[in-house]
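Here is a friendly walk through one protein model.

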Amino acid sequence: MPTQSVSFWAALVGGLASFFSPCVLPLIPVYLGYMMGGVVPNDATNQRLLGLRHAAFFVLGFALAFVTLGAAAGALGRWLYPAMPTVMRVAGLVLVVFGLQMLGVLRLPFLAAERQVTLGRGRQGLWRSLLMGLAFAIGWSPCVGPVLSAILLMAAETRTAA
């Protein structure tokens, strides 16, 4: 599919469809509850405003992750384009290894390892909400994989970070 045939609106609709998918949508209340759990001012109006700021920083982190991925794909596209046949073979090999890992044929510990970040207790600053948005975007990118990969491939074809 040529890059010119996919518009901003098609990407937006694809992103919204991914957001409302059964993989992502049930997690939103958990993250919002986690973020709002650290917001405890006395005034209800201040609480709503602070909650709105936390939500804005969450969305900023979320957007930052995907904008960075898109810019990186575009920038890498410039250097990888001449080697695309080799890149496609290596990517195919990686997919086969991941598939064998998921089937249990291969046992690669680094692919099955769990990583956690402990942030401590207490009130949550806005930076923490930004980090939660980044973590949400990166952690659940497999749920939005088909749309995300199509958009990243389009970004790579532009061969520019912009």
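From the N terminus on, the elements of the protein run α-α-α-α-α-α-α. That makes seven helices and zero strands, where helices (H or I, at least four residues) and strands (E, at least two) are DSSP runs numbered from the N terminus. Please keep in mind that this is a predicted model, in which local features need pLDDT of at least 70 and side-chain atom pairs count only at pLDDT 80 or more, while totals for chains, interfaces and linings use all residues. Residues are numbered from 1 along each chain as its sequence is written, and side-chain values use heavy atoms, with hydrogens and water left out.

**The protein as a whole**

Of the 162 residues, 22% count as buried; buried means under 20% relative accessible area, exposed means over 50%, and partly exposed is in between (1.4 Å probe, protein chains only). The protein exposes about 11,300 Å², and carbon and sulfur atoms supply 73% of that area, as computed by the Shrake-Rupley method with a 1.4 Å probe. Among contacts (heavy atoms within 4.5 Å) with a separation of 6 or more, 75% are between residues 24 or more positions apart.

**Aromatic pairs**

How many aromatic pairs does a search of the whole structure find? The search finds two. Rings of Phe, Tyr and Trp (its six-membered ring) pair if their centres lie within 6.5 Å; planes under 30 degrees apart count as stacked, over 60 as edge-to-face and the rest as tilted.

| Pair | Centre to centre | Angle between planes | Geometry |
|---|---|---|---|
| F57 and W127 | 6.3 Å | 80 degrees | edge-to-face |
| F62 and F66 | 5.1 Å | 75 degrees | edge-to-face |

Is W127 buried or exposed? W127 is exposed, because its relative accessible area is 64%, whereas F57, at 24%, is partly exposed.

F62 and F66 both belong to helix α3, where they are four residues apart, about one turn of the helix. F62 counts as partly exposed because its relative accessibility is 27%.

**The end of helix α3**

W79 also lies in helix α3, and at 60% relative accessibility W79 counts as exposed. Its C-alpha atom is 8.0 Å from that of R159, a residue 80 positions away along the chain. L80 has its place in helix α3 as well and is partly exposed, with a relative accessible area of 35%. Between the C-alpha atoms of L80 and E157, 77 residues apart along the chain, the separation is 9.9 Å.

**The second largest pocket**

On a 1 Å grid over the protein atoms alone, a pocket is an open set of points with protein on both sides within 12 Å along at least five of seven lines, and lining residues have an atom within 4 Å of a point. The second largest pocket has a volume of about 440 Å³, which is the space filled by probe spheres set on the points, with grid points joined across faces, edges and corners.

Its lining has 14 residues, of which M84, V87, M88, A91 and L153 lie nearest the centre. Helices α3, α4 (84–103) and α7 (145–158) each supply at least two residues of this lining. Which helix gives the most to the lining? Helix α4 does, with eight residues.

The lining residues divide into eleven nonpolar, two polar and one charged. Here Ala, Val, Leu, Ile, Met, Phe, Trp, Tyr, Cys and Pro count as nonpolar, Asp, Glu, Lys and Arg as charged, and the others, Gly among them, as polar.

Note on methods
On a 1 Å grid over the protein atoms alone, a cavity is a set of points where a 1.4 Å probe fits but cannot get out, and a pocket is an open set with protein on both sides within 12 Å along at least five of seven lines; lining residues have an atom within 4 Å of a point.
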